[in-house]
Amino acid sequence: MLSLRTIRRFCHAAAIAPVAGTVTRAKSNSIQKSDKPLEKPALAKLKAERDPEKLFQLFKANAHNKLVIENRFVFEDTVSRLAGAGRFDYIEHLLEHQKTLPQGRREGFIVRIIMLYGKAGMIKQAVDTFFDMHLFGCQRTVKSFNAALKVLTQSRDLEAIDSFIRDVPFKFGIELDVFSVNIVTKALCDMDILDKAYLAMIEMEKAGVNPDVVTYTTLMSAFYKHNRWEVGNGLWNLMVMKGCLPNLATFNVRIQYLVYRGRSWQANSLMGMMEYLGIIPDEVTYNLVIKGFCQAGYLEMAKRVYSALHGKGYKPNVKIYQTMIHYLCKGGEFDLAYTMCKDCMNKNWFVNVDTIYKLLEGLVGNGELDRANVILRLARKRVPSFTKSQLDAFEFVLSKKQ
């Protein structure tokens with residue numbers, strides 16, 4: 001008579017046997033399947049294809065593939081390459097088909113199509129897509145309005161932009177938001193219509209849409225750029241008075257203006273205020289302040305700011321290197337200029353040709369031929385390389401002392 005333990009063991013083995021057989025067959029099948037070459041995924045094919053005709057056909061063949069249609073990077077890359085090849089007919093064909101998909105009922109999906117038309121410079125198709133959204137069963141909100149407005153501003157057609165802002169919100173019951181204000185403000189500033197840009201902000205505020213820090217920063221940058229500093233300063237004061245705190249970009253815009261006006265100490269003080277308010281300066285801030293002190297003749301202060309940059313864990317970028325090396329050479333401090341230039345070149349960052357030439361002249365003039373040869377050797381390794389005439393000019397400086 002079988003014991004209970006034996007029966008259990010037998011049952012357990014019987015249960016395992018079919019499973020083991022199934023696993024063995026599965027392994028066998030997987031081995032057989034693996035003998036076939038694996039087909040390259042659609043995303044990889046689209047990324048690798050360079051021929052516009054084949055790219056169009058490949059995208060068309062995957063028009064219902066969710067991995068493709070939900071991947072905005074694939075869309076952007078495909079549209080960009082087709083636009084580069086001048087195949088706007090292909091772009092229209094692909095994007096018009098996308099509207100007919102179930103995703104076409106989502107506003108976010110239609111916004112992407114509008115922006116892709118804009119990326120290809122197809123402004124009419126982008127605006128038409130917005131007006132036709134009801135045909136796809138998609139509701140319009142301020143999001144799709146802003147997308148169409150942003151694309152329309154690429155036309156720089158002031159009459160068309162005015163008409164769109166004036167008529168469309170009323171027609172479709174859309175309430176504008178601060179992003180609408182910022183799109184219009186930026187467009188008008190880019191067209192150098194600064195007074196109208198300022199008035200647009202005021203009118204929007206009267207309508208209940210309060211400007212934000214982006215609005216003020218855009219306007220300040222434009223007015224400072226056109227040397228209308230009194231308006232720029234007024235905007236800064238207005239912004240602070242209304243309780244809208246400046247951000248990093250706002251501070252950089254104002255510091256750039258102060259440097260341009262030769263007020264390096266004020267620029268440095270403003271950078272100190274940033275830190276007091278908890279806004280961390282970036283490489284742009286440091287480069288502006290360093291440049292300001294250099295241009296004003298305060299090279300020692302520039303070096304202090306450069307050291308402070310290192311002390312706070314930042315690494316200088318090529319613009320900071322360019323500024324420091326240029327003014328160190330101008331001030332005759334070739335030893336420090338050499339150290340910085342060597343460090344910069346070892347990262348494959350290169351200051352301009354005139355600065356390298358000045359540095360080589362200074363090193364040769366001080367009898368430091370070994371250091372001059374190090375700089376020349378690094379210059380020869382540049383990728384992409386300097387032109388032959390530029391390298392010949394560097395070598396000519398060294399030949400004077402040899």
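Please keep in mind throughout that the model is predicted.

Let us start with two neighbouring helices. Helix α6 spans residues 88-99 and helix α7 spans residues 107-119, and their axes come within 10 Å and cross at roughly 170°. Angles over 145 degrees count as roughly antiparallel, so α6 is roughly antiparallel to α7. On the α6 side, the contact is made by Ile-91, Glu-92, Leu-95, Glu-96, Gln-98 and Lys-99, while α7 brings Phe-109, Ile-110, Ile-113, Leu-116 and Tyr-117.

If its neighbours within four places in sequence are set aside, Ser-180 is in contact with Val-142, Phe-145, Asn-146 and Leu-149.

From here we can turn to charged pairs. Side chains of opposite charge can pair when their charged atoms come close. In this model the count comes to 18 salt bridges, and a few are worth a visit.

One of them joins Arg-87 and Asp-89, with the closest N and O atoms 2.7 Å apart. Arg-87 is partly exposed, at a relative accessible area of 29%, and Asp-89 is also partly exposed, at 40%.

Another salt bridge pairs Asp-162 with Lys-196, and here the closest N and O atoms are 3.9 Å apart. This pair links distant parts of the chain: Asp-162 sits in helix α10 (residues 158-172) and Lys-196 in helix α12 (residues 194-206), 34 residues apart. Asp-162 is partly exposed, with a relative accessible area of 29%, and Lys-196 is partly exposed at 33%.

Helix α12 comes up again with Glu-205, whose side chain meets that of Lys-242 in a salt bridge of 2.7 Å, N to O. Which parts of the structure does this pair tie together? Glu-205 lies in helix α12 and Lys-242 in the loop between α14 (229-241) and α15 (248-260), so the pair ties together parts that are 37 residues apart in sequence. Lys-242 is partly exposed, with a relative accessible area of 43%.

Our last stop is a group of three residues: Glu-300, Lys-303 and Glu-333 are linked in a network of salt bridges.

Methods
Residues are numbered from 1 along each chain as its sequence is written. This is a predicted model: local features need pLDDT of at least 70, side-chain atom pairs count only at pLDDT 80 or more; totals for chains, interfaces and linings use all residues. Side-chain values use heavy atoms; hydrogens and water are left out. Axes are lines fitted to C-alpha atoms, for helices over the stretch in contact, and angles run from 0 to 180 degrees between N-to-C directions. Helices (H or I, at least four residues) and strands (E, at least two) are DSSP runs, numbered from the N terminus. Angles under 35 degrees count as roughly parallel, over 145 as roughly antiparallel, 65 to 115 as roughly perpendicular and the rest as oblique. Contact means heavy atoms within 4.5 Å. A salt bridge is a side-chain nitrogen of Lys or Arg within 4 Å of a carboxyl oxygen of Asp or Glu. Buried means under 20% relative accessible area, exposed over 50%, partly exposed in between (1.4 Å probe, protein chains only).
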